[in-house]
Amino acid sequence: MPTKTIKKSSAKSAATKKTTVKKATVKKPAMKKVAIEDVKEIIPKTHECMCGHECKCGCHGGSKFGRFLKKLIFILIIFALGFAAAKLCDDGRYFRGARPHFRNGCLVVPSIKCPQMQALLPVMDMDQDGCITRSEYKAVKDEFRAQVRAGINMNN
């Protein structure tokens with residue numbers, strides 16, 4: 001069987017030579033010991049405590065919890081002021097209990113929602129004229145309120 005001949009290359013590739021660049025060393029100036037008072041004069045004053053950016057004394061807004069409390073108190077004050085303004089400006093429409101309606105000086109019976117007050121409607125007409133006036137209603141309401149506070153059951 002014939003053998004195959006392999007040619008070997010006799011030429012070697014030319015090696016590239018790397019040139020190294022030497023860096024010039026820069027001499028650092030010698031550090032002198034400086035007093036703290038001299039440094040305070042050089043550094044611009046940012047705050048009266050002279051603490052700078054990484055302050056731990058709390059003069060720049062304090063901790064996260066402290067900032068949260070400040071915001072919470074601010075929001076509560078705004079809410080309280082809004083509530084007070086609403087209470088002053090509502091003309092008694094929203095912050096009162098159920099009120100009876102009077103038409104031509106007489107009580108409109110369906111405007112009474114309380115079942116105990118509805119049971120007292122015949123008693124409210126003190127002069128038996130068929131019309132319950134504001135003064136009659138107020139007198140019975142005050143008596144009813146006093147009995148409720150005293151704990152007396154009015155249905156007996």
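This is a predicted model: local features need pLDDT of at least 70, side-chain atom pairs count only at pLDDT 80 or more; totals for chains, interfaces and linings use all residues.
User: What makes up the overall layout, and in which order do the elements run?
Analyst: There are 5 helices and 2 strands, and from the N terminus they go α-α-β-β-α-α-α. Helices (H or I, at least four residues) and strands (E, at least two) are DSSP runs, numbered from the N terminus.

User: How do you know how H2 compares with its expected span?
Analyst: The expected span of a helix is 1.5 Å times one less than its number of residues. H2 has 26 residues and reaches 38 Å from its first C-alpha to its last, close to the 38 Å expected. After H2 comes Asp-91, with a positive phi near 55 degrees.

User: Why is Leu-69 called partly exposed?
Analyst: Buried means under 20% relative accessible area, exposed means over 50%, and partly exposed is in between (1.4 Å probe, protein chains only). Leu-69 has a relative accessible area of 34%, so it's partly exposed. You'll find Leu-69 in helix H2 (residues 64-89).

User: What makes the group around Leu-69 a nonpolar surface patch?
Analyst: A patch takes residues with over 30% relative accessible area and no salt bridge; like charges are joined within 9 Å, and nonpolar side chains (Val, Leu, Ile, Met, Phe, Trp, Tyr) within 5 Å. The patch covers about 1100 Å² and includes Phe-65, Phe-68, Leu-69, Leu-72 and Ile-73. Areas like this come from the Shrake-Rupley method with a 1.4 Å probe, and for residues only the protein chains shown count as cover.

User: What share of the protein is buried?
Analyst: Buried residues are 13% of the 156 residues. The protein exposes about 14900 Å², and carbon and sulfur atoms supply 61% of that.

User: What makes a set of residues the largest nonpolar core here?
Analyst: A nonpolar core is a set of buried Ala, Val, Leu, Ile, Met, Phe, Trp, Tyr and Cys residues joined through side-chain atoms within 4.5 Å. The largest one has 11 residues, among them Phe-102, Leu-107, Ile-112, Tyr-137 and Phe-144. Helix H4 (121-124) and helix H5 (134-150) each supply at least two of its residues, and H5 gives the most, with 3.

User: Which residues does Leu-107 touch, leaving aside its neighbours within four places in sequence?
Analyst: Contact means heavy atoms within 4.5 Å. On that basis Leu-107 is in contact with Pro-100, His-101, Phe-102, Ile-112, Leu-121, Ile-132 and Tyr-137.

User: How do you know that Asp-142 forms a salt bridge with Lys-138?
Analyst: A salt bridge is a side-chain nitrogen of Lys or Arg within 4 Å of a carboxyl oxygen of Asp or Glu. For Asp-142 and Lys-138, the closest N and O atoms are 3.5 Å apart, so the pair passes the 4 Å limit. The two are 4 residues apart in helix H5, which means about one helical turn separates them. Lys-138 is exposed at 51%, while Asp-142 is partly exposed at 36%.

User: What about Arg-145 and Asp-142?
Analyst: That's a salt bridge too, with the closest N and O atoms 3.3 Å apart. Because Arg-145 and Asp-142 are 3 residues apart in helix H5, about one helical turn lies between them. Shared partners join Lys-138, Asp-142 and Arg-145 into one network. By this rule the count comes to 2 salt bridges.

User: Why are Asn-104 and Gln-128 called exposed?
Analyst: Asn-104 has a relative accessible area of 78% and Gln-128 has 62%, so each is over the 50% mark. Asn-104 sits in the loop between strand S1 (102-103) and strand S2 (106-107), and Gln-128 in the loop between H4 and H5.

Note on methods. Residues are numbered from 1 along each chain as its sequence is written. Side-chain values use heavy atoms; hydrogens and water are left out.
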